[in-house]
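Colleague: I am new to this one. Can you walk me through how to read it?

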Amino acid sequence: MKLLSKTLLIITASFVFIPAHAEEAWPNHPVKFIVGFGPGGANDLVARVVAEGVSKQLNQTVIVENKPGAGSTLGADIVAKSAPDGYIFFVSAGGIITNPMIRSSMPYKEGDLVPVGLLTISPSIIVVSSDSKINNIKDLLAQAKEPKGLNFSTAGTGSTPHFVAEMLAIKGGGKYEIIPYKSGSEGMVAVISNQVDATSEASVVVIPQIQGGKLKPIASTWNKRITALPNVATAKEQGYPEIFIGHWAGVFAPKGTPDLILDKMNQAINAALKTAAVQSRLIPQGIEPTPGSRVSFAKFLADEKARLEPIVKRANMKED
């Protein structure tokens, strides 16, 4: 019996120490970043650039895998229900906050994904066609009060352009015809061809069209000007601080992932975002690297939720 007890004690002690050792050795095989959108979009671009940078920091391969569907909910659900072992992460966009506000049901609970780190912010740029008479937000709000009102394209219910349109309506009133398209790119083309008056899209999406003279930027919706468009004033600078939103990307992990691993991933992300290799690929496209702590990212998420939820309720946003 004594021998059996000693054996059990040794086995138990081994099981106690294995997880700690595994955390210290992390990562000892490839890590996976799940993206909730298809290849080629802004979220996918950020994930791939950052994954390359993080792999160098960790000396381990970081694989990017696209799992599009249900406004990124499909990809989030896959990660939420994965083993919390530090080998799978979700690269999110703002939908991780707004989807639960808009959708009638969610396949996972809010606490099933924990924040690891903010990656980037790509301000939404309000744009009109190059020959439009609208030159700033004041002109845009004035257009909405004219008899025909303002046609504003979006990428669907709950998309960032939809939030911008609702923010404009709350601030200035008037008549808005909000026209949903399948993507932000399609909504942008509708502006270029004068099918609609305006839209607001991620800087990475509209910058090539601005540089090509097809679109006119009238405001950035973040709280500071971006490096790639230094001459475009923010909505706040124009006297409209309430029009404030950006296209952001962040990393989440399954609930239960050890803190030691979360901290190491956060440190690797921050180090990657500060490298010239990553910044040179993102900043010219209007995507601003935004390193920070796990705590600061959690606060960012709470602030976004508190700011956007009243808009969802006021506009009665529902899933398409």
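**Reading the salt bridges**

Modeller: Start with one pair. Arg 48 and Asp 44 form a salt bridge, with 2.9 Å between the closest N and O atoms. Keep in mind that this is a predicted model.

Colleague: What is the general idea behind such a pair?

Modeller: Side chains of opposite charge can pair when their charged atoms come close.

Colleague: How are Arg 48 and Asp 44 separated in helix α2?

Modeller: They are four residues apart in α2 (residues 42-58), so about one helical turn separates them.

Colleague: Is Asp 44 buried or exposed?

Modeller: Asp 44 counts as buried, because its relative accessibility is 5% and the cut-off for buried is under 20%. Arg 48 has 36% relative accessibility, so Arg 48 counts as partly exposed.

Colleague: Which residue meets Lys 305 in a salt bridge?

Modeller: Glu 110 does, at 3.3 Å from N to O. Lys 305 sits in helix α11 (residues 294-315), while Glu 110 sits in the loop between α4 (95-102) and β4 (113-129), so the pair ties together parts 195 residues apart in sequence. Lys 305 is partly exposed, with a relative accessible area of 31%. Glu 110 is exposed, at 57%.

Colleague: Where do Glu 237 and Arg 225 lie?

Modeller: Glu 237 and Arg 225 form a salt bridge, their closest N and O atoms 2.9 Å apart. Both lie in the loop between β8 (215-220) and β9 (246-254), so this pair ties together parts 12 residues apart in sequence. Glu 237 counts as partly exposed at 48% relative accessibility. Arg 225 counts as partly exposed at 38%.

Colleague: How many salt bridges are there?

Modeller: The count comes to 13.

Colleague: Now the inside. How many residues has the largest nonpolar core?

Modeller: It has 48 residues. Leu 113, Leu 140, Leu 168 and Trp 248 have the most contacts inside that core. Take Leu 168. Leaving aside neighbours within four places in sequence, Leu 168 contacts Ile 137, Leu 140, Leu 141, Phe 152, Gly 173, Tyr 176 and Ile 243. Another core, of 33 residues, lies apart from the largest one; Val 35, Leu 58, Ala 268 and Ala 272 are among its members.

Colleague: Which residues of α9 are buried?

Modeller: They are Ile 261, Leu 262, Met 265, Asn 266, Ala 268, Ile 269, Asn 270, Ala 272 and Leu 273.

Colleague: What span should α9 have?

Modeller: Helix α9 (residues 259-273) has 15 residues, so at 1.5 Å a residue it should span 21 Å. Its end C-alpha atoms are 21 Å apart, which agrees.

Technical notes:
Residues are numbered from 1 along each chain as its sequence is written. This is a predicted model: local features need pLDDT of at least 70, side-chain atom pairs count only at pLDDT 80 or more; totals for chains, interfaces and linings use all residues. Side-chain values use heavy atoms; hydrogens and water are left out. A nonpolar core is a set of buried Ala, Val, Leu, Ile, Met, Phe, Trp, Tyr and Cys residues joined through side-chain atoms within 4.5 Å. Buried means under 20% relative accessible area, exposed over 50%, partly exposed in between (1.4 Å probe, protein chains only). Contact means heavy atoms within 4.5 Å. Helices (H or I, at least four residues) and strands (E, at least two) are DSSP runs, numbered from the N terminus. The expected span of a helix is 1.5 Å times one less than its number of residues. A salt bridge is a side-chain nitrogen of Lys or Arg within 4 Å of a carboxyl oxygen of Asp or Glu.
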